[in-house]
Amino acid sequence: MNVLVNPLPAMSISLKTPEEIEKMRIAGRLAGEVLDYIEPFVKPGVTTAELDRLCHVYMVDVQGCIPAPLNYAPPGYAPFPKSICASINHQVCHGVPNERPLKKGDIVNLDITTIKDGYHGDSSRMYVVGEASILAKRLCTVTHECLWLGISKVRAGARLGDIGAAIQKHAETNGFSVVREFCGHGIGRNFHEEPQVLHYGKVGTGIELLAGMTFTIEPMINAGKAAISELPDGWTIITKDRSLSAQWEHTLLVTETGHEVLTLSHGAPPKPDFV
Ligand code: MF3
Ligand code: CO
Ligand code: CO
């Protein structure tokens, strides 16, 4: 979600109870399972509107979930009109599904947020349509590595800046750039809660992580420059230089000894070996 320039001081970071954590495990796994389910449909010729429809029916009729994006309207936004976000090529995030068919070589992020029993699970992956360019594949791979390098820092006692620093270093070492205007977020009863989880920063800075916090990490990494712009639909974010952009997202629980990835499912690509 958007980086708030002045986070509301009255808001605070909720620590989830064991009962709430159990509900978040369920919502998180369901989000991952939607991403598993849709994978074979992401082929040349399919439209993102069709992928949205398939995911909507699966979430509502098979999983008994509410798709959180549908009609979601944060302050200053018109209600989001679809049940998933689908962001293609130079689209960074919050792409609105439409009737344009995917074509061979496209890379597309599908971002799923479920609500089950009052709690949210939020996860996204990159899909390659047919065969993509070497650059597109490398961007998707490096962004997935960025996500997992960030996840590897999560434990009680670490600081938020440790996550951002790990992501930024890996992206920039590979010649890519980190989008600044959007960030990961606390999640639970609300889609977007405190804290804001920046995907850049300095080791040892930011708030200390406490066991029971739940938040997303969802780096948006551009092949070109970091700058973004918004389309007239009021939602879709694109790279200003029209370079390719990739994003991966998981929902995490902080534990005393490390973390639990709440949005894992059988089809989720594993943690890269070197992390
Ligand atoms: N799922 C996105 C995130 O990771 C938020 C999408 S908001 C929507 O924070 F309204 F576009 F769905
Ligand atoms: Co999110
Ligand atoms: Co998301």
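Student: By class, which residues make up the lining of the second largest pocket?

Tutor: A pocket is found on a 1 Å grid over the protein atoms alone, as an open set of points with protein on both sides within 12 Å along at least five of seven lines, and lining residues have an atom within 4 Å of a point. Ala, Val, Leu, Ile, Met, Phe, Trp, Tyr, Cys and Pro count as nonpolar, Asp, Glu, Lys and Arg as charged, and the others, Gly among them, as polar. Here the lining of the second largest pocket has seven nonpolar, six polar and one charged residues. This is a predicted model, in which local features need pLDDT of at least 70 and side-chain atom pairs count only at pLDDT 80 or more, while totals for chains, interfaces and linings use all residues. Residues are numbered from 1 along each chain as written, chains are lettered from A and ligands numbered from 1 in the order in which they are written, and side-chain values use heavy atoms, without hydrogens and water.

Student: Which residues lie nearest the centre of the second largest pocket?

Tutor: They are Leu160, Gln196, Leu198, Gly206 and Ile207, out of 14 lining residues. Helix H4 (160-173) and strand S8 (193-197) each give two or more residues to this lining; helices (H or I, at least four residues) and strands (E, at least two) are DSSP runs, numbered from the N terminus.

Student: What does aspartate 122 do between the two cobalt ions?

Tutor: Aspartate 122 bridges the cobalt ion (ligand 3) and the cobalt ion (ligand 2), which lie 3.3 Å apart. Aspartate 111 lies in strand S4 (residues 107-116) and aspartate 122 in strand S5 (residues 119-128), so the pair ties together parts that are eleven residues apart in sequence.

Student: Are aspartate 111 and aspartate 122 buried or exposed?

Tutor: Buried means under 20% relative accessible area, exposed over 50%, and partly exposed in between (1.4 Å probe, protein chains only). Both aspartate 111 and aspartate 122 are buried, and glutamate 218 and glutamate 249 are buried as well.

Note on methods:
1 Å grid on protein atoms, 1.4 Å probe; cavity = no way out; pocket = protein on both sides within 12 Å on 5 of 7 lines; lining within 4 Å. Donors = N, O, S within 2.8 Å, 3.2 Å for Na, K, Ca; no water.
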